[in-house]
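The sequence and structure come before the details.

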Amino acid sequence: MIADAWYMVSEYRLNLGPNDALERVVHRLSEISHMKSSEKKEAILKYLATCEDKEVIVLKRTLAQNVPYRLQAPFMASMKGKEWNRSGEKLAERINQEPRLIYYFLKFSGLNTRIQIQKEWADYIKQNHEIIQGWVELNMIQYLQRRNPSVPGIVEKLYPPRERNLEKVKKYWKMIVSIRPVREIYGENLLNAKNISIDHFVPWSYVAHDELWNLTPTTRSINSSKSNSLPDWDAYFPVLCKSEYVSYELLWEYPEIHEAFEICAREHLNNPEIRHRLYQKGLSEREFSGRLEEVIFPVYQSAKSMGFSNWSLKV
């Protein structure tokens, strides 16, 4: 459970609920282990197996003492209030008295507790596991959305980040820099076809999309340094506007760049209203910058309120 929740909490900054033990143990682990927010599941499990931190041990015990029993609560109408106030073994004995449960307890021994899934339920789960998985994911999305109402892309944040394909955007910017000199916005390094890397201005781990208006070319080393932090608004947004306006001007000046833009737009401009506002012909630099700010600033502020750290390039 802890390893599965790692990305949700440490990478995506999702709130799992008021005073949630699972969220608290992830924060504690992140604090004491210094593992990356994108750490592999195997590494997290390995660390947990030998972790002797007292707070982590207590939180693990809290999860182990509640989740296996409460999981079937909807099937146990008679289990209310004080009925749950029993020690683990006695609680397991009480639950075993309930009819038609998914599973019953054979042996109570902490994490070595054994259960027996009833044959009818085992057959049902085998035959309908895809439907059940979809139902679980739908309810997880709804649960997380209620607790994170301002966070976009919840559906993309249930699992570790998948590899993203930004090749069309990279090709678009390579064509631009072959026609006019362009400097990346963070360190003002001159870009060329070999050193371009595509960065999400507001981190992907917050927006969970690859929309063109939030993508800017930079170098691989700077992209790695920035990671999933928020670039300082006052320092970098004005430069972003100038860079984006260069691409805007060239797409209306050169047919080959316009064609590359259209190819990008099919995949990386999914909101027709934003496309019309930002990329209609005839905008001045001031008009373009104002409209870009209207699109990005609310997203930037929301990410900031979620705890994404401020970043500036260290020279």
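## Exposure and model

A residue is called buried when its relative accessible area is under 20%, exposed when that area is over 50%, and partly exposed in between. By this rule Tyr 124, with a relative accessible area of 41%, is partly exposed. The model is predicted.

## Hairpin

Strand β1 (residues 103-107) and β2 run antiparallel and are joined by four bridges. Within this pairing, Lys 107 stands opposite Arg 114 in β2.

β1 and β2 form a hairpin, with six residues between the two strands. The turn contains Gly 110, whose phi is positive, at about 55°.

## Nonpolar surface patch

Ile 115, Ile 117, Tyr 124 and Ile 125 make a nonpolar surface patch of about 340 Å². Two elements, β2 (114-117) and α6 (119-147), each give two or more residues to the patch. Tyr 124 has its place in helix α6.

## Cysteines

How many disulfides does the structure hold? The count is zero. A disulfide requires a pair of cysteine sulfur atoms within 2.5 Å. For Cys 241, the closest cysteine sulfur is that of Cys 264, at 19 Å, so a bond is ruled out by distance. Seen from Cys 264, the closest cysteine sulfur is in Cys 241, again 19 Å away and too far for a bond.

Both side chains can also be placed by accessibility. Cys 241 counts as buried at 5% relative accessibility, and Cys 264 is buried with a relative accessible area of 0%.

## Salt bridges across the chain

Side chains of opposite charge can pair when their charged atoms come close. The structure holds 16 salt bridges. One of them is between Arg 180 and Glu 249, with an N to O distance of 3.4 Å. This pair links distant parts of the chain: Arg 180 is in the loop between α7 (167-179) and β3 (197-200), while Glu 249 is in helix α10 (residues 233-253), 69 residues apart. Arg 180 is partly exposed, at 28% relative accessible area, and Glu 249 is partly exposed as well, at 34%.

Asp 199 and Lys 226 form another salt bridge, with their closest N and O atoms 3.2 Å apart. Because Asp 199 lies in strand β3 and Lys 226 in helix α9 (residues 220-226), the pair ties together parts that are 27 residues apart in sequence.

## Helix-to-helix pair and a network

Which residue forms a salt bridge with Glu 285? The partner is Lys 242, and the closest N and O atoms are 3.6 Å apart. Glu 285 lies in helix α13 (residues 285-305) and Lys 242 in helix α10, so this bridge ties together parts that are 43 residues apart in sequence. Glu 285 is partly exposed, with a relative accessible area of 32%, whereas Lys 242 counts as exposed at 52% relative accessibility.

Salt bridges that share partners also join Arg 28, Glu 31, Asp 53 and Glu 55 into one network.

How values were computed: Residues are numbered from 1 along each chain as its sequence is written. This is a predicted model: local features need pLDDT of at least 70, side-chain atom pairs count only at pLDDT 80 or more; totals for chains, interfaces and linings use all residues. Side-chain values use heavy atoms; hydrogens and water are left out. Buried means under 20% relative accessible area, exposed over 50%, partly exposed in between (1.4 Å probe, protein chains only). Patches are made of residues with over 30% relative accessible area and no salt bridge: like charges are joined within 9 Å, nonpolar side chains (Val, Leu, Ile, Met, Phe, Trp, Tyr) within 5 Å. Accessible areas come from the Shrake-Rupley method with a 1.4 Å probe; for residues, only the protein chains shown count as cover. A salt bridge is a side-chain nitrogen of Lys or Arg within 4 Å of a carboxyl oxygen of Asp or Glu. Two strands pair if DSSP finds at least two bridges between them.
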